[in-house]
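Subject: The model, and some notes to go with it

Hi there,

Here is the structure I said I would pass on. Please open it beside this email as you read.

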Amino acid sequence: MKNTMLDLNNHLFEQMERLNDEDLSQADLSKEIDRSKAMTNVAKEIIANGRLVLDAQEAAKGVGGKQPMPSFLSGERKALA
C-alpha cells in the first residue's frame, strides 16, 4: 500500500469538488453526500491511527528512545512463523 496523508488530503478535496458540482442531479448529489460521509468516517480513522503512531514515537523518545516500538506501530512487517 502506498497511500499517504497527502493522498488522503487530495481525495477529500476531490470529493469536495464533486459535491460542489452544480450540474449534479438530486439523485447524484445524494449519492455523493453518502460517499462523502463514508469517506469522512474512514479519513477520521486514518488520521486517528496516524496520531497514535506519532504519539507512540514521541513516547519512545521520552524514555531515551531505547524502548522498542511495537511492530504494528512502527510499520515494520515481520514474516509470520
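Below is what I found, going from the overall picture to single residues.

First, the ground rules. This is a predicted model, in which local features need pLDDT of at least 70 and side-chain atom pairs count only at pLDDT 80 or more, while totals for chains, interfaces and linings use all residues. Residues are numbered from 1 along each chain as its sequence is written, and side-chain values use heavy atoms, with hydrogens and water left out.

**Overall picture**

The protein has three helices and zero strands, and from the N terminus on its elements run α-α-α. Helices (H or I, at least four residues) and strands (E, at least two) are DSSP runs, numbered from the N terminus.

How confident is the predictor? The score is pLDDT, the predictor's confidence in each residue, from 0 to 100. The protein averages 83, and 75% of the residues score at least 70. Among the elements, helix α1 has the highest mean pLDDT (93), whereas helix α3 (residues 71–74) has the lowest (59).

Of the 81 residues in the protein, 10% are buried. Here buried means under 20% relative accessible area, exposed means over 50%, and partly exposed is in between (1.4 Å probe, protein chains only). The protein exposes about 7,000 Å², with carbon and sulfur atoms supplying 56% of it; accessible areas come from the Shrake-Rupley method with a 1.4 Å probe, and for residues only the protein chains shown count as cover.

As for contacts (heavy atoms within 4.5 Å), take those with a separation of 6 or more: residues 24 or more positions apart account for 30% of them.

**Helix α2**

Helix α2 covers residues 26–62, which is 37 residues. The expected span of a helix is 1.5 Å times one less than its number of residues, so α2 should span 54 Å; its end C-alpha atoms are 53 Å apart, which agrees.

Which residues of α2 are buried? They are Glu32, Ser36, Ala43, Ala56 and Ala60. Ser36 counts as buried because its relative accessibility is 11%. Leaving aside residues up to four places away in sequence, Ser36 touches Gln15 and Leu19.

**Salt bridges**

A salt bridge here is a side-chain nitrogen of Lys or Arg within 4 Å of a carboxyl oxygen of Asp or Glu. A search of the whole structure finds three of them.

- Glu32 pairs with Arg18, and their closest N and O atoms are 3.4 Å apart. Glu32 lies in helix α2 and Arg18 in helix α1, so the pair ties together parts that are 14 residues apart in sequence. Glu32 is buried, at a relative accessible area of 10%, whereas Arg18 is partly exposed at 32%.
- Arg35 also forms a salt bridge with Glu32, the closest N and O atoms being 3.3 Å apart. Arg35 and Glu32 are separated by about one helical turn, because they are three residues apart in helix α2. Arg35 is partly exposed, with a relative accessible area of 43%.
- Asp55 and Arg51 meet through their side chains at 2.9 Å, N to O. Both lie in helix α2, four residues apart, about one turn of the helix. Asp55 is partly exposed at 40% relative accessible area, and Arg51 is partly exposed at 45%.

Salt bridges that share partners join Arg18, Glu32 and Arg35 into one network.

Met16 counts as partly exposed because its relative accessibility is 48%.

**A nonpolar patch**

Which residues make the nonpolar surface patch? Met5, Val42, Ile46 and Ile47 do, over about 350 Å². Patches are made of residues with over 30% relative accessible area and no salt bridge; like charges are joined within 9 Å, and nonpolar side chains (Val, Leu, Ile, Met, Phe, Trp, Tyr) within 5 Å. α2 gives the most to this patch, with three residues. Met5 has its place in helix α1 (residues 5–19), and it counts as partly exposed because its relative accessibility is 45%.
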